[in-house]
Amino acid sequence: MVNRRIDEPTGTETVGHEWDGIEELNTPLPRWWLYTFYACIVFSAVYVVLYPAWPLIDKATAGTLGWSSRGDLAKEMSAANMARQGVFQQIAATDIEKLPGSPDLMQAAISGGAAAFKVNCVQCHGAGAAGYQEFGYPNLNDDDWIWGGTLTDIEYTLQHGIRWDAAEQTRVNYMPAFEGVFDKAQVSAVTGHVLSLSGKAQPNPAGAQLFSENCAACHGPAGGGSPELGAPALNDAIWLYGGTAAAVTKQILAPRHGVMPAWSGRLDPVTIKMLAAYVHSRGGGQKAAPAQIETDVAQTPDKAKTDG
Amino acid sequence: MADPKDLKRPAPPLAPTRDWAGALGSASPAAAPESDVGLMGSALYEKGKTVHNKRIDGPFRRFKWLVMLVTLAIYYVTPWLRWDRGPYAPDQAVLIDLANRRFYMFDIEIWPHEFYFVAGLLIMAGIGLFLVTSAVGRAWCGYACPQTVWTDLFQHVDRLFDGDRNARARLDKAPWGPAKIARRGAKWSVYVAISLLTGGAWILYFADAPTLARAFFSAEAAPVAYATVAILTGTTFWLGGFMREQVCIYMCPWPRIQTAMLDEKSLIVTYKDWRGEQRGSLKKAAKDPEAYGDCIDCLQCVAVCPTGIDIREGQQIGCITCGLCIDACDKVMADIGRPRGLIDYATLDQCKAEAAGAPATPAWKALLRPRLFLYLGVWALMGAGLLFALGTRTHTDLTVEHDRNPPFMLLKDGSVRNAYTLRLRNMESRPRAMEVAMAGMPAGTVMWTDAVSLENAAPAQVIDVPANATKLVRVYVMLPPDKSADAFAFRLTSLDEQGEQDVTETTFAMPGTE
């Protein structure tokens with residue numbers, strides 16, 4: 001079968017096979033190519049010993065160097081954490097209301113907060129922090145704050161949550177249900193009055209009367225709300241559960257109460273501070289009134305004050 | 001797997017390895033000698049032969065010296081030139097600042113988004129090579145190519161340490177002894193010194209030269225600097241010290257491209273065979289002057305050739321047209337009292353005419369061809385276009401990115417707020433105040449930035465942009481209640497005597513327009 005012969009025109013030996021009259025010249029590899037190939041074999045032998053190589057049932061051979069890509073990642077993560085330690089310590093040491101005073105630190109906090117927000121908050125509040133009205137998750141970009149929009153307020157909300165029973169100092173309030181308290185005409189009158197506060201309906205004296213007797217204690221005589229009590233403002237364009245007459249009526253008869261988990265204990269204080277800075281930076285953050293910076297934590301509304 | 005025996009078996013080459021004669025239809029009737037790489041040659045590889053070119057003096061050699069001096073000076077000195085650009089930009093005349101993504105060249109500063117200037121320069125360099133080729137053939141190969149310049153430099157080092165052609169060949173063949181080891185050691189250390197300088201100069205183009213040089217020698221420079229110097233030192237040592245003409249003949253694509261670009265009207269270095277043949281020694285020619293031509297077969301043209309070819313075999317890929325053989329031959333012709341120019345710059349057409357008996361045409365007449373002016377025109381047009389673009393470019397730029405999540409924000413009082421991320425670019429080497437204003441929004445619309453709070457919201461904001469930088473600003477635009485808008489433009493104006501402007505259109509989202 002094998003019939004090697006020298007091909008006349010080229011003077012090269014053939015490989016010795018013939019397919020339908022077609023023969024192939026045997027052109028040997030260049031020597032450098034062969035040596036490179038041998039070098040590769042040596043390299044692979046060394047590699048197999050040093051690095052993970054042979055797949056086993058549940059893992060691979062480890063290799064004598066002990067290298068792993070997970071190890072690399074862990075090393076890079078700890079290096080990155082080490083690099084951030086300086087900024088973290090500065091943020092930890094800075095009072096949250098004083099953060100805006102050092103723009104670099106504030107920027108670092110906002111960036112860190114944005115990253116933490118993506119992991120912990122977007123599930124309810126959305127990737128753009130715009131919330132979901134149909135579920136009552138508040139929008140964090142606007143200038144309407146149920147429990148206050150200063151850095152301190154936001155940090156407190158993050159730490160202790162809202163109506164989060166497991167947290168001692170959680171923010172709690174409950175709006176009474178007026179189902180069975182108001183009759184149909186009364187409900188309609190109050191709804192009309194609430195809508196009239198933001199110019200959406202004509203004022204009616206009956207509704208105003210009922211409002212001042214039943215609602216003004218928390219929501220204020222003009223419906224301006226109270227961040228201390230967590231009573232939403234009713235005289236603006238922003239509605240947690242919707243601003244139609246039907247939505248308002250529904251809320252009067254059977255109020256819904258949103259819950260937010262307390263993050264103290266789940267997240268470290270620096271991350272919470274950075275989250276507060278990020279939420280505050282979304283465009284609606286309020287400045288602390290000069291007196292409020294001095295306010296003691298004890299004066300912040302807590303469970304004891306609002307419960308009951 | 002190939003039979004190992006095959007690797008040892010000598011196989012004839014598919015083509016003669018060093019026979020380029022006639023590659024372009026050579027006019028030489030003195031056909032190349034029958035290839036000596038027959039059945040005994042190896043098809044696997046050809047062992048490089050060291051070229052020991054002889055020293056020669058003459059106009060072309062002197063021109064080569066000049067070009068070598070100028071090109072080496074440009075290469076080594078350029079990074080050290082200073083150029084004052086004020087306090088906010090580096091003062092190095094030519095600097096490729098990769099870390100900050102800037103390219104400085106004297107008064108020109110290129111940003112990454114203007115890379116088309118560099119691309120344009122590269123295209124101009126390409127067309128420039130075509131231009132030079134159509135005018136003077138492979139002059140680039142012969143004089144200005146770094147491989148040629150450094151090879152020449154290393155060959156001079158050879159000459160300095162080991163003597164001229166014959167002495168070097170003798171030393172090559174001599175057995176290794178203390179004397180040879182000492183000589184080689186000394187020569188190779190000069191090779192390494194030159195290579196180190198070459199590699200060292202390269203990195204100076206990428207950082208402030210004096211600072212980097214100091215850091216380099218105090219072991220404080222970045223590892224990449226040392227790696228680059230090491231690699232370039234190695235390649236210079238190897239390519240300039242040992243590979244030399246092998247690079248031109250086997251590695252470089254340019255000679256191949258040249259074979260497609262040269263024609264019978266291109267200037268090349270040619271041996272005028274009709275005048276030289278029949279070759280013969282002076283003695284033979286004296287006996288029978290009618291039978292012999294001007295070539296006395298002294299082989300001086302071969303001895304001086306830096307790529308070790310015989311020009312008398314005709315046009316070939318190994319000829320870099322450096323003209324040293326012209327110098328050598330002219331010297332011999334002067335010695336034996338014959339006219340110069342047996343080997344000379346000429347076109348194939350000129351050679352044909354001369355061979356047919358026409359008077360010799362001066363070589364420069366080869367330049368008068370339409371193709372040359374066409375290339376020159378295209379090249380000049382591109383250059384003028386680039387210069388125009390460079391002169392009229394603005395040094396400010398504004399790009400706008402509309403927040404899409406959420407697209408708009410309804411506020412307590414019914415106003416609608418949109419947020420935008422603005423990129424303000426200041427390409428001047430000084431900080432500038434820039435005004436951002438809105439065009440096409442209803443009256444009462446205000447804006448503020450992260451730095452300016454809502455209380456200071458205004459129809460326009462002034463933003464300080466640092467020198468030589470792009471500043472990212474988040475801008476909030478608030479439309480008063482009961483007004484509506486869907487599109488408008490941000491207008492950026494530099495608040496200086498230039499008053500440069502850039503206008504970028506964007507959208508405004510409202511409830512119900514999602």
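The radius of gyration used here is taken over C-alpha atoms, and it is set against a globule rule of 2.2 Å times the number of residues to the power 0.38. In this predicted model, chain A has a radius of gyration of 35 Å, whereas a compact globule of 308 residues would have one near 19 Å. The C-alpha atoms of chain A fill a box of roughly 115 × 50 × 40 Å along the principal axes. The secondary structure of chain A comes to twelve helices and two strands, and, when the chain is read along its sequence, the pattern is β-β-α-α-α-α-α-α-α-α-α-α-α-α.

For chain B, the secondary structure comes to 17 helices and 14 strands. The radius of gyration of chain B is 33 Å, well over the 24 Å that the globule rule gives for 514 residues, and chain B is therefore more spread out than a compact globule. Along the principal axes, the C-alpha atoms of chain B fill a box of roughly 115 × 60 × 55 Å.

Strands of a sheet pair through backbone hydrogen bonds, in either a parallel or an antiparallel arrangement. In chain B, an open sheet of three strands has the order β1-β2-β3, and its pairing is antiparallel. The edges of this sheet are formed by β1 (94–97) and β3 (108–110) of chain B, and because each has a single partner strand, one side of each is left without a neighbour in the sheet. Neighbouring strands of the sheet are turned against each other by 10 degrees on average, with direction ignored. The antiparallel pairing of β1(B) with strand β2 (residues 102–105) of chain B extends over four bridges, and B:L95 stands opposite B:Y104 in β2(B).

A helix pair was also examined in chain B, where helix α3 (residues 116–136) and helix α17 (residues 370–392) pack at an angle of about 160 degrees, with their axes 9 Å apart. Since angles over 145 degrees count as roughly antiparallel, α3(B) and α17(B) are therefore described as roughly antiparallel to each other. The crossing in which α3(B) passes α17(B) is left-handed. Residues of α3(B) that make the contact include B:F117, B:G120, B:I123, B:M124 and B:I127, while those contributed by α17(B) include B:R371, B:L372, B:Y375, B:W379 and B:M382. By class, the contact of α3(B) with α17(B) has 15 nonpolar, four polar and one charged residues.

Conventions:
Residues numbered from 1 in each chain as written. Chains lettered and ligands numbered in written order. Predicted model: local features only at pLDDT ≥ 70, side-chain atom pairs only at ≥ 80, totals over all residues. Pairing = 2+ DSSP bridges. Axes fitted to C-alpha atoms, helices over the stretch in contact; angles between N-to-C directions. Parallel < 35°, antiparallel > 145°, perpendicular 65-115°, else oblique. Left-handed = near helix turned anticlockwise from the far one by under 90°. Contact = placed C-beta atoms within 7 Å. Nonpolar A, V, L, I, M, F, W, Y, C, P; charged D, E, K, R; others polar.
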